[in-house]
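Visitor: Hi, could you walk me through this protein? I'm new to reading structures.
Guide: Happy to, let's bring it up.

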Amino acid sequence: GSFTIKLDDALKQVNIEIYNSIGELILHNSLAHTEKNIHINDLSEGVYFVNVFSTGIKISTQRIVVLK
């Protein structure tokens, strides 16, 4: 599976971090474009938190649930 992150063109230096339910960093990715497809095929079932940062400031946190 996968999900897509769409961001405002005005945002700069955007980074995405995905954490599992116990706070372990699973993925860290920098965005060069305003839209990024994130593949999560390798993730185990469970709850994950997606944090989006722009210039080092957290601008969004979303919860995703992976079911297989």
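Visitor: In what order do the elements of the protein run from the N terminus on?
Guide: They run β-β-β-β-β-β. Strands here are DSSP runs of E with at least two residues, while helices are H or I runs of at least four residues, and both are numbered from the N terminus. This is a predicted model, where local features need pLDDT of at least 70, side-chain atom pairs count only at pLDDT 80 or more, and totals for chains, interfaces and linings use all residues. Residues are numbered from 1 along each chain as its sequence is written, and side-chain values use heavy atoms, leaving out hydrogens and water.

Visitor: And how many helices and strands is that?
Guide: The protein has 0 helices and 6 strands.

Visitor: Which strands make up the open sheet?
Guide: The sheet has 4 strands in the order β3-β2-β5-β6, with antiparallel pairing. Two strands pair if DSSP finds at least two bridges between them. The edge strands, β3 (25-31) and β6 (57-66), each pair on one side only.

Visitor: How many bridges join β2 and β5?
Guide: Strand β2, residues 14-20, pairs with β5 over 7 bridges in the antiparallel sense. As for bridge partners, Tyr-19 has Phe-49 in β5.

Visitor: New topic: Ser-54. Where is it found?
Guide: Ser-54 is in strand β5, which covers residues 46-54.

Visitor: Buried or exposed?
Guide: Ser-54 counts as buried because its relative accessibility is 7%. Buried means under 20% relative accessible area, exposed means over 50%, and partly exposed lies in between, with a 1.4 Å probe and protein chains only.

Visitor: Which residues is Ser-54 in contact with?
Guide: If you leave aside neighbours within four places in sequence, Ser-54 is in contact (heavy atoms within 4.5 Å) with Leu-11, Lys-12, Gln-13, Val-14 and Ile-59. For Lys-12, the backbone oxygen lies 2.9 Å from a polar atom of the Ser-54 side chain.

Visitor: Back to the whole protein: what share of the residues is buried?
Guide: Buried residues make up 29% of the 68 residues.

Visitor: What does the C-alpha trace span?
Guide: Along its principal axes, the trace spans about 35 × 20 × 15 Å.

Visitor: And what about contacts between residues 24 or more positions apart?
Guide: Those account for 53% of the contacts in the protein with a separation of 6 or more.

Methods:
A polar contact is a pair of N or O atoms within 3.5 Å; within protein, one must be able to donate a hydrogen and the other to accept it, and residues adjacent in sequence count only if both atoms are side-chain atoms.
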